[in-house]
Amino acid sequence: MSVILTPGANRPHLGNGTTANGDRTDLSGTPVTNLLLLSIPEEEYNLLRPHLEFIDFPHHLSLQEPGEKIEHGYFPEQGMVSVVIATRDGRSVEVGIVGKEGFVGTMLVVGLNWSPYRAIVQIKGKGLSVRAKALEAILNSAPVLRFMLNRYAQMQGLLVAQVAACNRVHDIDQRMARWLLMSQDRVQSEWLSITHDFLATMLGTGRPSVSLAASALQQAGLIEYMRGAVRVADRKGLEQASCECYAVIQQFNSELGLS
């Protein structure tokens, strides 16, 4: 098989969607890092590959709105997407997050083209999109992809339930520690680009409560907070400061391929 040199790529890749050293790629020759896309057989990925489109994920980009028709599914590669429930009075609370381990648009897997949730980019990055109709057609010939997406959707449901319970019964400082750990698992950086206002929205509480909790975690040496960003300074300490929910969530991490 001949090697094709793709403009803009730094390494040669083969016509079957992989580089010469085995990396899976999109149509531009860029290596794919989404864990779901890396988990399926080559023949199934090659069915999906022509329909994947690289897109940037700028901060606050809406990928999905409640009640609206889902036109695309998304495989994040970098950054983080929040799954949010919004109420009519303008309040909202985060019930899940998606990073490179997952997929935005899981309702498509069960034949629904709408969702009650908003999906919004909270930490900028990039990803791959696929048209809903193309994905639905491909799933009929891709049993492993269908299984993996169904499995991911089930695990997201369990995660939503755990987060809902956590938001109901645990203190704000414990919940903040849990959220920071979950976010770092997906972004895989000690720096998280977030604000107090954003944290208040995600945790379903007021900004003064978030400020007090952040101050307590910072005074304990667990985080470093500056305008628009939080640094996880002591991950082990932050795990100890979190409620028991994070230990449960770590089991999900293992199943999802997150360290």
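**Exercise 1.** Are phenylalanine 57 and tyrosine 74 buried or exposed, and how is their aromatic pair classified?

*Solution.* The model examined here is predicted.

Step 1. Phenylalanine 57 is buried, and tyrosine 74 is buried as well.

Step 2. A pair of aromatic rings is described by the distance of the centres and the angle of the planes. A search of the whole structure gives two aromatic pairs. In the pair of phenylalanine 57 and tyrosine 74, the centres are 6.3 Å apart and the planes stand at 70°. Planes over 60 degrees apart count as edge-to-face, and this pair is accordingly edge-to-face.

Step 3. Phenylalanine 57 belongs to strand 3 (residues 53-57) and tyrosine 74 to strand 5 (residues 72-86); the two are 17 residues apart, and their pair links distant parts of the chain.

**Exercise 2.** Classify the pair formed by phenylalanine 75 and phenylalanine 103, and locate its two members.

*Solution.* Step 1. The ring centres of phenylalanine 75 and phenylalanine 103 are 4.7 Å apart and the planes are at 45°, so the pair is tilted.

Step 1. Phenylalanine 75 lies in strand 5, whereas phenylalanine 103 lies in the loop between strand 6 (92-98) and strand 7 (118-131), 28 residues apart. Both phenylalanine 75 and phenylalanine 103 are buried.

**Exercise 3.** Describe the surroundings of strand 5 and its pairing with strands 6 and 7.

Step 1. With strand 7, strand 5 pairs in the antiparallel sense over 11 bridges; valine 84 stands opposite arginine 118 in strand 7.

Step 2. With strand 6, strand 5 pairs in the antiparallel sense over six bridges; here valine 81 stands opposite valine 98. Strands 5 and 6 form a hairpin with five residues between them, and glycine 90 in the turn has a positive phi of about 95°.

**Exercise 4.** Which element gives the most residues to the lining of the largest cavity, and which classes of residue make up that lining?

*Solution.* Step 1. The structure holds one cavity of 30 Å³ or more, and the volume of the largest cavity is about 50 Å³.

Step 1. Strand 6, helix 4 (143-169), helix 5 (172-187) and helix 6 (196-203) each supply at least two lining residues. Strand 6 gives the most, with four residues.

Step 2. By class, the lining has seven nonpolar, two polar and two charged residues. Among the lining residues are Val163 and Asn167, which are also among the buried residues of helix 4.

Key: Residues numbered from 1 in each chain as written. Predicted model: local features only at pLDDT ≥ 70, side-chain atom pairs only at ≥ 80, totals over all residues. Heavy atoms only, no water. Phe/Tyr/Trp six-rings, centres within 6.5 Å; stacked < 30°, edge-to-face > 60°. Buried < 20%, exposed > 50% of the residue type's maximum accessible area, 1.4 Å probe, protein only. 1 Å grid on protein atoms, 1.4 Å probe; cavity = no way out; pocket = protein on both sides within 12 Å on 5 of 7 lines; lining within 4 Å. Points joined across faces, edges and corners; volume = space filled by probe spheres on them. Nonpolar A, V, L, I, M, F, W, Y, C, P; charged D, E, K, R; others polar. Pairing = 2+ DSSP bridges.
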